[in-house]
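Hi there,

Here is the structure I promised to pass on. Please have a look at it, and then read my notes below.

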Amino acid sequence: MSTSTSTSASAKAPATPPARSFLRWRIVDIVVASVIGVAAGLIFLAWNVGYLGPKALLEPLLPGVQGLLDGPWLFAGVLGGLIIRKAGAAIYVELLAAVVSALIGNQWGGFLTLEAGLVQGLGAELIFLLFFYRRWSLPVAILAGAGAALAGGINNLVLWYAGSGPAFTTIYLISTVISGAVIAGALSWVLARGIAATGALDRFGSGREARVRV
């Protein structure tokens, strides 16, 4: 009788709360997050040069609208968060991408590049935290991209556009948030789903979710 009762009780006992799984990083999480960060850093390096042409065209048209070009520097944290789904993934991947950009060299200097990566990653991370690391839908990804853009945009206004007037500040923030939402948010979500559909992410929740949909 007691054996049956204990067995029944143990069967009903809850397993390790899934709510805390986002706190436990596995080795595979670190490895894949690092690969994403390094790859994103190389993309940052290409965009450090590639954005100069569009910037020269946009700035004379409407000062501040160059914020539309910020998205490619913001996607790393959002993509890392969507794939790894662990607390700190957005900050880690965005910061690592910034480290790669700083080490190889860019026009903004090492410390300021790292500081920007940290701020942008934090902007995306706070959105994922707001949803308790349980929601990974397109709207959440768009919000994460916008969060990274807003944090990064404010940081840029303080460091690079100090003293700008209300018109420039408003146009720049709106432009960079749009870019972050579309490029860092929506496109990262599409990219994450595409990678997951190949089976490369089967050891992650993002990959298993994609396989279930198929």
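What follows is a short tour of what I found in it.

A word on the ground rules: this is a predicted model, in which local features need pLDDT of at least 70, side-chain atom pairs count only at pLDDT 80 or more, and totals for chains, interfaces and linings use all residues. Residues are numbered from 1 along each chain as its sequence is written, and side-chain values use heavy atoms, leaving out hydrogens and water.

On confidence, the chain has a mean pLDDT (the predictor's confidence in each residue, from 0 to 100) of 89, with 89% of its residues at 70 or more. Residues 1-17 stay under 50, and the model has 1 contact (heavy atoms within 4.5 Å) beyond four places in sequence for them.

Now the aromatic part. There are 11 aromatic pairs in the structure. Rings of Phe, Tyr and Trp (its six-membered ring) pair if their centres lie within 6.5 Å, and planes under 30 degrees apart count as stacked, over 60 as edge-to-face and the rest as tilted. Tyr-51 and Trp-73 make an edge-to-face pair, at 4.9 Å between centres and 70 degrees between planes. Tyr-51 lies in the loop between helix H2 (27-50) and helix H3 (52-61), while Trp-73, 22 residues away, is in the loop between H3 and H4. Helices here are DSSP runs (H or I, at least four residues), numbered from the N terminus.

Tyr-51 also pairs with Trp-108: their centres are 6.0 Å apart and the planes stand at 40 degrees, so this pair is tilted. Trp-108 sits in the loop between H5 and H6, 57 residues from Tyr-51. Tyr-51 counts as buried (under 20% relative accessible area; exposed is over 50%, partly exposed in between, with a 1.4 Å probe and protein chains only) because its relative accessibility is 9%. Trp-108, at 25%, counts as partly exposed. Ring pairs join Trp-47, Tyr-51, Trp-73 and Trp-108 into a cluster.

Two backbone spots may also interest you. Arg-85 is not a glycine, yet has a positive phi of about 60 degrees; its place is the loop between helix H4 (75-84) and helix H5 (89-104). With 15% relative accessibility, Arg-85 counts as buried. Tyr-133 likewise has a positive phi, near 55 degrees, and lies in the loop between helix H6 (110-130) and H7. Tyr-133 is buried too, at 10%.
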